[in-house]
Amino acid sequence: FQAEDGIRDVERSRGLGDVYKRQQTSRTACRAAHGGSNPPPSFMELKLFNTLTRKKEVFRPIYDKEVRMYACGPTVYDYAHIGNLRTYVCEDILRRVLEFNGFKVLHVMNITDVGHLTSQADEGEDKVEMSARKHGKSAWEIAEFFTKAFLEDIQTLNILKPHIMPRATQHIKEMIELIKKLEEKGYTYIIDDGVYFDTSKLKDYGKLTGMNFEQLNKYLKAGARVPFNPQKKHITDFALWKFSPKNVKRQMEWDSPWGVGFPGWHIECSAMSMKYLGETFDIHCGGVDHIPTHHTNEIAQSEAATGKKFVNYWFHCEFLIVEGRKMSKSLGNFYTLRDLLKKGYKWREIRYLLMSAHYRQQLNFTFQSLDAAKKSIERIRDFLRNLKEVSKEGVSDEFNKLLENARNSFIEAINDDLNMPEALASLFNFISQTNKLLKEGKVTREGARKAIDLMLEFDKVLGLKLEEFLEERELPEEVKELIEKREKARKEGNYELADKIREEIKEKYKILLEDTPEGVKWKFLE
């Protein structure tokens, strides 16, 4: 997960799209995608909400069982905050659900290391160069540092690494070629600070927002969302290529047919996504804040250049708020993953919380909800370990039916537009029912093994590495000695000392002792 791996992935993966087109995914391959388990029942077709049509649709990829998916990646000028990471977790769930359904996914996520200005209106300073000045580093050093930090974050949260992670600075040639096409077709004009796209020349500009050209112009003006450049023909027009400021040497700038400068933010994603996924591909992901400007402009320039539909399904994740308020450094409620880890929270509970709300609903982050997520993880952990200890022989048809119903309800939830609240509810309902049967001695060793397998199958979507809870862990020798000392104290009636040792083991070694009729048992709390 080093930054340079992303570069090598790009080189290795060129032409993968064509390879995938030639592949035929068989039922055997589908089963393999589930680790040998059965694919989802055919009646549970995957449905996704499409921002473009504003309704849930049965997902139908361009090529059978093959999905080409693009996600807007980070602008690498600072650490990703938990709002950013919520979007990447939601996109990870999408990819996992697609693969759970037997689809072969080609996942591309860009790295924006140039061209993203402080204003979405093509005004202000480049965020990477601004960060470089702040930290006393070069723009290239800043981009490299925060690219590595981002890759570390997604690895920590067990987010599947995209197959291809192209950097904007490596694809200037493709961007210039795309702008040339737009120029040849009459969609561009030049003003003092750059080459711009004339949005009035595209009949359906703004269709992703549900507004037409006139409505979107009024919307942007009314909210003062985009400062108006008097040289622009329309407020919605956007920069394809920005000229370097006169008498200023930028750290990141290139020669072009129109002058020395750098690409606009929007052209980057169009050039890179079409290079690796084709002129029309299946799914484009991002946050809801990208809908009115960035993604709307991607559609405009891509479809104007190719004359083809750009993307079939648009997937957008809602905002994360903190304690009911917008996250902001000025409010003191701005958190990165590193901030939460320093507070003692573990990656599983953070990931669990970020995926627990429906992706199309705002997630209200609170430390109370993070504590609740921790308890949910502990409940899953204890459940798996209890199942592992079942030794009763026999077969239970009743329990087999419970397993089948739990699997079907989980799949029905995830295939209904990734309804994670319902999926998690079905999982914990299964845990509750199984725990009841465990107490009644109605779960056999075979049934427990099937229950573990089912939980691990669910984890293909959840991404919580549940198999780690099943690994054997040896007690440290010093803990074994303390347990023997405690047992001796209990036999001698010195319960005060026994309790003191039990508490010491819990606090110092994070191991909880439980006194049972069969003797002392223990479990690791972490």
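Predicted model: local features only at pLDDT ≥ 70, side-chain atom pairs only at ≥ 80, totals over all residues.
H290 counts as buried, at 13% relative accessibility. Buried means under 20% relative accessible area, exposed over 50%, and partly exposed in between, with a 1.4 Å probe and protein chains only. H290 sits in the loop between β9 (281–287) and α10 (291–306). Helices (H or I, at least four residues) and strands (E, at least two) are DSSP runs, numbered from the N terminus. H290 touches C72, W265, H295 and T296, leaving aside residues up to four places away in sequence. Contact means heavy atoms within 4.5 Å.

Residues are numbered from 1 along each chain as its sequence is written, and side-chain values use heavy atoms, with hydrogens and water left out.

**The chain as a whole**

The chain holds 18 helices and 15 strands. Of its 526 residues, 55% count as buried. The accessible surface comes to about 24100 Å², and 48% of that belongs to carbon and sulfur atoms. Accessible areas come from the Shrake-Rupley method with a 1.4 Å probe; for residues, only the protein chains shown count as cover. Among contacts with a separation of 6 or more, 76% are between residues 24 or more positions apart.

Y187 is in the loop between α7 (172–184) and β5 (188–191). Y187 is buried, with a relative accessible area of 15%. Not counting residues up to four places away in sequence, Y187 touches L182, Y196, F197, D198, K201, L202 and A304. One of these partners is F197. Y187 and F197 are 10 residues apart in sequence and 5.8 Å apart in space, C-alpha to C-alpha.

**Salt bridges**

A salt bridge is a side-chain nitrogen of Lys or Arg within 4 Å of a carboxyl oxygen of Asp or Glu. By this rule there are 33 salt bridges. The table gives three of them.

| Pair | N to O distance |
|---|---|
| E45 and R60 | 2.9 Å |
| D126 and R250 | 3.4 Å |
| R338 and D153 | 2.5 Å |

Take E45 and R60, joined in a salt bridge. E45 lies in the loop between α3 (27–33) and β1 (47–50) and R60 in the loop between β2 (55–58) and β3 (66–71), so the pair ties together parts that are 15 residues apart in sequence. E45 is partly exposed at 37% relative accessibility. R60 is partly exposed too, with a relative accessible area of 47%.

D126 and R250 form a salt bridge through their side chains. This pair links distant parts of the chain, 124 residues apart: D126 is in the loop between β4 (104–109) and α5 (127–135), and R250 is in the loop between β7 (238–243) and β8 (261–263). Are D126 and R250 buried or exposed? Both are buried.

R338 lies in helix α11 (residues 337–342) and D153 in helix α6 (residues 139–156), so the pair ties together parts that are 185 residues apart in sequence. R338 counts as partly exposed at 21% relative accessibility. D153 counts as buried at 3%. Elsewhere, salt bridges that share partners join R486, E487, R490 and D515 into one network.

**Positive phi**

K65 is not a glycine, yet has a positive phi of about 60°. K65 lies in the loop between β2 and β3. K65 is partly exposed, with a relative accessible area of 23%. D417, also not a glycine, has a positive phi of about 55°. D417 is in the loop between α14 (397–414) and α15 (420–439). D417 is buried, with a relative accessible area of 1%.

**Surface charge**

Which residues gather in a patch of negative charge on the surface? They are E496, D499, E503 and E507. Patches are made of residues with over 30% relative accessible area and no salt bridge: like charges are joined within 9 Å, nonpolar side chains (Val, Leu, Ile, Met, Phe, Trp, Tyr) within 5 Å. Lys and Arg count as positive and Asp and Glu as negative; His and the chain ends are not counted. The place of a charge is NZ of Lys, CZ of Arg, CG of Asp or CD of Glu. E507 lies in helix α18 (residues 495–509). E507 counts as partly exposed, at 46% relative accessibility.
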